[in-house]
Amino acid sequence: MTPATTTWRWAANLKWLFTELDFEARFDAAAAAGFAGVEFPSPYGWAVGLLRGRLRDAGLTQVLINTPTGEPGTPTRSGLACIPGLEGEFRTGVERGLEYATELGCGLLHVVGGIVPDGVSRDRAFARYVTNIGWAAERARGTGIRIVLEAQNKRDCPGFVLESQEQAAAVAEAVGDEHVGLLLDFYHLQIDEGDLIGTYRRVQDRVRHLQLADVPGRHEPGTGEIGWRAVLRAVADSGYQGWIGCEYAPAGGTAAGLDWMRHIGEAAA
């Protein structure tokens with residue numbers, strides 16, 4: 001097994017990595033592979049005490065969780081923040097997310113934007129989104145938890161409310177709160193916009209978390225079209241100090257696929 005390099009702050013996304021194991025066993029597997037942090041979108045199906053114990057026993061930091069979303073196949077499957085009429089459910093979800101993040105010692109809460117509903121104009125949905133993000137930012141004040149926003153690609157998530165990284169950055173700026181930043185996922189960025197280095201540089205002051213996967217297969221870096229050494233070199237040159245979430249589906253076994261960290265990650269450091 002190739003250990004994760006210590007040059008970068010890699011976080012294993014436990015929804016995507018080590019899926020050959022039961023969820024609770026993935027914490028120890030991530031630690032054994034050299035990861036110091038983990039992320040996963042939805043902790044809400046487990047008791048917070050159980051998760052806290054798994055993190056403690058494995059010596060891991062919980063880096064990121066998402067706010068609750070609806071069931072697969074429903075209009076709320078990609079978040080509630082932009083959906084008019086669901087303000088109560090949205091606020092309940094943010095409260096629950098902040099509760100879990102606090103208990104897990106997690107510094108980042110991704111407030112998931114959502115898909116513009118049928119029959120609702122994009123302008124109306126976007127206005128609701130900005131208002132809801134402002135409310136979430138105010139609610140997070142004083143908790144030590146930062147809200148992050150993510151633009152998702154329209155191939156995998158048609159109709160998603162945020163259309164670009166720069167629009168996401170503009171929302172964070174419009175809210176005008178130090179507790180709001182960007183979750184920039186290079187996989188989503190490559191599919192929707194390209195120009196990875198140029199776009200990253202334009203919004204880098206707002207970026208609080210990064211995620212990666214290669215395109216087109218959403219496998220580990222080195223399996224697709226992205227020039228990862230150049231991208232990671234630009235990240236290093238920017239002085240980025242945050243975590244990088246490994247949110248990809250391994251092309252083979254998880255452990256065998258971690259060689260990219262040595263061949264690409266260390267070379268770019």
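These legends describe close-up views of a predicted model. Residues are numbered from 1 along each chain as its sequence is written, and side-chain values use heavy atoms, with hydrogens and water left out. Local features need pLDDT of at least 70, side-chain atom pairs count only at pLDDT 80 or more, and totals for chains, interfaces and linings use all residues.

**View 1. Confidence along the chain.**
The mean pLDDT (the predictor's confidence in each residue, from 0 to 100) is 95. A value of 70 or more is reached by 97% of the residues. Residues 1-6 have pLDDT below 50. Beyond near neighbours in sequence, this stretch makes 16 contacts (heavy atoms within 4.5 Å) in the model. Where pLDDT is low, predicted coordinates should not be read in detail.

**View 2. Strands β4 and β5.**
Helices (H or I, at least four residues) and strands (E, at least two) are DSSP runs, numbered from the N terminus. Two strands pair if DSSP finds at least two bridges between them. Strand β4 (residues 108-110) and strand β5 (residues 146-149) run parallel, joined by 3 bridges. H110 faces V148 of β5 across the pairing, standing opposite V148. From β4 the chain passes through helix α4 (residues 122-140) to β5, a right-handed β-α-β crossover. Right-handed means that, with the strands pointing away from the viewer, the path from the first strand over the helix to the second runs clockwise.

**View 3. Strands β5 and β6.**
Strand β6 (residues 180-185) pairs with β5 in the parallel sense, over 3 bridges. Here V148 stands opposite G181. With helix α5 (residues 165-175) between them, β5 and β6 make a right-handed β-α-β unit.

**View 4. Q152 in its loop.**
Q152 sits in the loop between β5 and α5. Its relative accessible area is 14%, so Q152 is buried (under 20%; exposed is over 50%, partly exposed in between; 1.4 Å probe, protein chains only). Leaving aside neighbours within four places in sequence, Q152 contacts H110, V112, C157, F160, L162, H188 and D192.

**View 5. G59 in its loop.**
G59 lies in the loop between α2 (48-58) and β3 (61-66). G59 counts as exposed because its relative accessibility is 58%. The C-alpha atoms of G59 and Y248 are separated by 23 Å. Along the chain these residues are 189 residues apart.

**View 6. Nonpolar cores.**
A nonpolar core is a set of buried Ala, Val, Leu, Ile, Met, Phe, Trp, Tyr and Cys residues joined through side-chain atoms within 4.5 Å. The largest core has 82 residues. W10, F27, F35 and F186 touch the most other members. Another core, of 7 residues, lies apart from it and includes A11, L64, L183 and W243.
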